Amino acid sequence: MITKRTPADYAEALVHRHRTPIVRRTGNRFSVNAMSAISTKGRMHFMVFTETFDAKVMCRFLDRLIGHFDRKIHLVVDGHSAHRSRAVRTWLADHADRIELHFPPSNSPELNPDALVNADLKRSLPMSSRACNQAQLAAETRRFFYRRQRQPHIVRGYFGSPHVHYTLEENHLSF
């Protein structure tokens, strides 16, 4: 059935066309930070935090990570200043038998399988409900990581890119 528009319909459309849309938002910006470590076997460990990412946070994450394993961990990290800081280097020297960091060349995130986790997180969060505050965003971020922990096939899939096959060759980076 086709309905014919009346002049009043056109007039109403014109009025609405020139009105500024009102979007109900607070205008406040907020964020959370997250770190994760993944393995070729599909394991994932993560930490969500609100403070600035620095050497202290990195050491806290490394402490938590080595607490889950009884053998040496090989961790691929980017060139963030916290990863290369004096405090982290000191911490690593004290735990050299438990963990070793590997730095791919700078400006090459495609060589770090964990960068795919970050991309997946950023794609997944907007699909869920919009967070209205930092606490809700942190909760949604944790939900994403808990879900991925229960999906080892997806975590193993992060290693499917040809750029990260080096992690599979000797399998010495697995935990």
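Is Arg60 buried, partly exposed or exposed? Arg60 has a relative accessible area of 33% and is therefore partly exposed, where buried means under 20% relative accessible area, exposed over 50%, and partly exposed in between (1.4 Å probe, protein chains only). The model is predicted, so that local features need pLDDT of at least 70 and side-chain atom pairs count only at pLDDT 80 or more, while totals for chains, interfaces and linings use all residues. Residues are numbered from 1 along each chain as its sequence is written, and side-chain values use heavy atoms, with hydrogens and water left out.

A salt bridge is taken as a side-chain nitrogen of Lys or Arg within 4 Å of a carboxyl oxygen of Asp or Glu, and by this rule the count comes to 4.

| Pair | N to O distance |
|---|---|
| Arg60 and Glu51 | 2.8 Å |
| Glu100 and Lys72 | 3.4 Å |
| Asp120 and Arg148 | 2.7 Å |

In the pair formed by Glu100 and Lys72, Glu100 belongs to strand β4 (residues 99–102) and Lys72 to the loop between α2 (55–66) and β3 (73–76), 28 residues apart; helices (H or I, at least four residues) and strands (E, at least two) are DSSP runs, numbered from the N terminus. Glu100 is partly exposed at 30%, and Lys72 is partly exposed at 32%.

Asp120 forms its salt bridge with Arg148, and because Asp120 lies in helix α4 (residues 114–124) and Arg148 in helix α5 (residues 134–149), the pair ties together parts that are 28 residues apart in sequence. Asp120 is buried at 8%, and Arg148 is buried at 9%. Asp120, Arg123 and Arg148 are linked in a network of salt bridges.
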